[in-house]
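Visitor: I would like to learn how to read the features of a protein model, one at a time. Could you take me through a few of them?

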Amino acid sequence: MNIDYQVMSRVIKEKKEEGMSLGEIAAFLSGSYPQFTYEQMFQKVRYAWSMIRNSANCASPDQNSAVQSSPASAQCSFEQPSFVRESPAQQLLGVTPETVVTESNQFADVVHGVSSVKTKNGSCEKTFEDTVILPEGEDLTPELIMKSRKLDPMLWVVEHFVSNPWQSRSSDGEVVTLWQTKLVVRPKKPGEVTLEEVKRFYENHKFIERRPVAPFRTIKNGKVLEICLADLHMGLFSRKGEVGENDYSIDVAKSRLQHCLSRIISENKNKEFEKVVFVTLGDVMHVDNSKQTTTSGTFQQIDSSCYNVYEESVNAVAYCIDTLLQLNSPVEYIYVPGNHDRDSGGHIALNIRALFANNPNVICDVSPNPIKARLYGVTLTGYHHGDCSKQNIGSMVPQNFPEYYSQAKFTKLKVGHLHHRQSLLAGVTSVEYQESLCGASLWEHQQGYGGPRGLRYCIYDTVTGDTTEGCVRA
């Protein structure tokens, strides 16, 4: 089906009066002309619009009305063009641009300028200085420049990007905004996670669908169940032949966690609690970044990409909360940062808070404060990762929580870090190191550290002051 440019011109005029852009008009007309791609239709719409604006040149005011009404002259502006109308870049700069389709299916003109390559820190950096003309309302992004340069944004990392606008007037009097840009990129390193990948993770990840949840019925019996998950170290990889015990990997960590939680649920399913407190005592992840280092920069071997370890860690914490909700009691999640994952652990905690934001039965304490505490009747229990001086560990809870301390008869501090059970009295504080579910790393095995693996829980009776502890072995 051929295009009737007279009909097209009437449609374009109507849609422009309604405030539509040329790109939107091209999309609107594409349904009537399926034989053309969107790009082809956009070029035809641009041409027709230029003819509409210049139609007065076909018959000047001093020509007689017979000439103006001549059928031939009436059609002179709407014959099929043998060329494409010059883009703003061609009109203003006299060069042919690289045309890029934006996210809203409009066209941006990128005029390539100077480019250079240099080696920095063992990586090949590329610098591009370009001029860009954008459709109205479009955002200027580094990805648009990379597309014009035939670079895959998923394979390159933006090191520097700056842009400066100025305005010029085209031959038909239209004011056009041009952007001068400078972009510096480098190749993405193996295992490196970019912001674009994080965005893609949230766009593509299939989180568990959650329907509106009704609050649990209120129980006032003074019973609180506490589970402390210390040092899961998702991503740590160790072999039985090197460390003298079973292999450890992400799959092993998930299996141990599922086993221990199911046992805790089974042992307490016939009990009622005012609430359940679930504490992650730090080092949920074995590394803090895509360089495979701890927060302080110590390199660690992991069994997968940092991206995958992060995803599995989020899922593991979410699984714990989902499982504990089976007890039909509100769950309070308390995040404590560790020395391996001070940043990535915080990101996990924020994701958990967002994941359960619409669940009235889940409360999340995800503040970055490394020292947390709760008062359970007459027992004040603090939470810390344990990576601190033993000289200060005894005074940590009383100094930071004086109001709670004044009401308590007993003061405890539950910590991880050592990966095995140990208790000591530091001043007025009973310091309790928690078991870990993770296997020993080669370094830990060489230093002689280790102990039984397990997940410990405690039941507080805030009325009588009694506490009951238990531990499920992995």
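**Reading a buried residue**

Guide: Arg 256 is buried, since its relative accessible area is 13% and buried means under 20%. Please keep in mind throughout that this is a predicted model.

Visitor: Where is the place of Arg 256, and which residues does Arg 256 touch?

Guide: Arg 256 lies in helix H10, which covers residues 250-268. Leaving aside residues up to four places away in sequence, Arg 256 touches Asn 246, Asp 247 and Tyr 248, and also Leu 437, Cys 438, Gly 439, Arg 453 and Ala 474.

Visitor: Is Cys 306 buried or exposed?

Guide: The cut-off for buried is under 20% relative accessible area, and Cys 306, with a value of 11%, is therefore buried. Cys 306 has its place in helix H11, and, when residues up to four places away in sequence are not counted, Cys 306 touches Gly 191, Met 285, Val 287, Asn 289 and Ser 290. For Ser 290 there is also a distance to read: the C-alpha atoms of Cys 306 and Ser 290 are separated by 5.3 Å, although these residues are 16 residues apart along the chain.

Visitor: How are two packed helices described?

Guide: In general, one gives the angle between the axes of the two helices and the distance between those axes. Here helix H11, residues 306-324, packs with helix H12, residues 344-355, at an angle of about 50°, and their axes are 10 Å apart. Because of that angle, H11 is oblique to H12, and the crossing of the helices H11 and H12 is right-handed.

Visitor: Which residues of H11 and H12 make the contact?

Guide: From H11 come Tyr 310, Ser 313, Val 314, Val 317, Ala 318 and Ile 321, while H12 brings Ser 344, His 347, Ile 348, Asn 351, Ile 352 and Leu 355.

Visitor: What can be said of the whole protein, and how many helices and strands has it?

Guide: The protein has 16 helices and 16 strands, and of its 474 residues 46% count as buried. Its accessible surface comes to about 24,300 Å², and 49% of that belongs to carbon and sulfur atoms. Among the contacts in the protein between residues at least 6 apart in sequence, 65% join residues that are at least 24 apart.

Notes: Residues are numbered from 1 along each chain as its sequence is written. This is a predicted model: local features need pLDDT of at least 70, side-chain atom pairs count only at pLDDT 80 or more; totals for chains, interfaces and linings use all residues. Side-chain values use heavy atoms; hydrogens and water are left out. Helices (H or I, at least four residues) and strands (E, at least two) are DSSP runs, numbered from the N terminus. Buried means under 20% relative accessible area, exposed over 50%, partly exposed in between (1.4 Å probe, protein chains only). Contact means heavy atoms within 4.5 Å. Accessible areas come from the Shrake-Rupley method with a 1.4 Å probe; for residues, only the protein chains shown count as cover. Axes are lines fitted to C-alpha atoms, for helices over the stretch in contact, and angles run from 0 to 180 degrees between N-to-C directions. Angles under 35 degrees count as roughly parallel, over 145 as roughly antiparallel, 65 to 115 as roughly perpendicular and the rest as oblique. A crossing is left-handed if the near helix is turned anticlockwise from the far one by less than a right angle, and right-handed if clockwise.
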